[in-house]
Amino acid sequence: MSIDGKVALVTGAGQGIGRAIALRLARDGADIAIVDINDEKMQAVVAEVRAMGRKATTFKADVSKRDDVYAAIDHTEKELGGFDIIVNNAGIANIQSIAEVTPAEVEKTFKVNVEGVLWGIQAAAAKFKERGQKGKIISASSIAGHEGFPLLGVYSATKFAVRALTQAAAKEFASDGITVNAYCPGVVGTDMWVEIDRRMAEITGAKIGESYDKFVGGIALGRAQTPEDVAAFVSYLAGPDSDYMTGQAPLIDGGLVYR
């Protein structure tokens, strides 16, 4: 069974994991709304999706702004003729010690990583109910949503919060036929991890690449994760084979954190 003919919206889809998710869902048969803050990157991804023979549209939005998220979903429905799946993938890292983190850093990280997911859940559920249909809500958590890591305390707090929202929303919307799940990647070879490694080196005095290599060295499967590894699991969450799964946030990290 597939997601052929479904309409999926992916936030943060201009690069990295979001791009991989958009392309995988398109490959598996969905039409895709690509939502990001970077126009140039969105246009590159939309061209890739259309090259697969799928319909695609873009919408520039800041997910920390509730009205932007609602507008993105309305745009998706209008341009692609439906709305079945949302992937709340957009997020930012905060690499700072608990002792040094500032109010501005905390506010920015929570607004994107927590409020962005909250508004996505809220707006998607409202649209599914308005359309009188079932739906899939999928959000980005992290291994840092299962375990707090040094210098990633605030980031970890936001990803723990995503798990809480996922569980609560799953219980609230189950009677409407809406499932709510999250995915928890590990060390993925993306620009975010380049920035995490750079900041850890800056704070600790380690060499560039040393922190990244240390994390990768702890992965049981012996390699860093690719965006495509994550996208494959998200496609499962988006499809009918996961219809009996809700409120969960499974680890997909190659064997790094165990729960």
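How far apart do the end C-alpha atoms of residues 6-186 lie, and how much of the span is helix and strand?

**View 1. Residues 6-186 of the predicted model.** The end C-alpha atoms of this span lie 28 Å apart, with 50% helix and 19% strand (DSSP runs numbered from the N terminus: helices are H or I, at least four residues; strands are E, at least two). UniProt lists residues 6-186 as "domain: Ketoreductase" in an unreviewed entry; its positions follow the numbering used here, feature names are shortened, and annotations may be inferred rather than shown by experiment. Residues are numbered from 1 along each chain as its sequence is written, and side-chain values use heavy atoms, without hydrogens and water. Because the model is predicted, local features need pLDDT of at least 70 and side-chain atom pairs count only at pLDDT 80 or more, while totals for chains, interfaces and linings use all residues.

**View 2. The largest pocket, about 1200 Å³ in volume.** A pocket is an open set of points on a 1 Å grid over the protein atoms alone, where a 1.4 Å probe fits, with protein on both sides within 12 Å along at least five of seven lines; lining residues have an atom within 4 Å of a point. Points are joined across faces, edges and corners, and the volume is the space filled by probe spheres set on them. Of the 46 lining residues, Ala-90, Gly-91, Ile-92, Ala-93 and Met-192 lie nearest the centre. Elements giving two or more residues to this lining include helix 1 (16-27), helix 4 (103-131) and strand 6 (178-185).

**View 3. The second largest pocket, about 330 Å³.** Its 18 lining residues include Lys-134, Gly-135, Lys-136, Gly-177 and Asp-243, the closest to its centre. Strand 5 (135-140) and strand 6 each give two or more residues to the lining.
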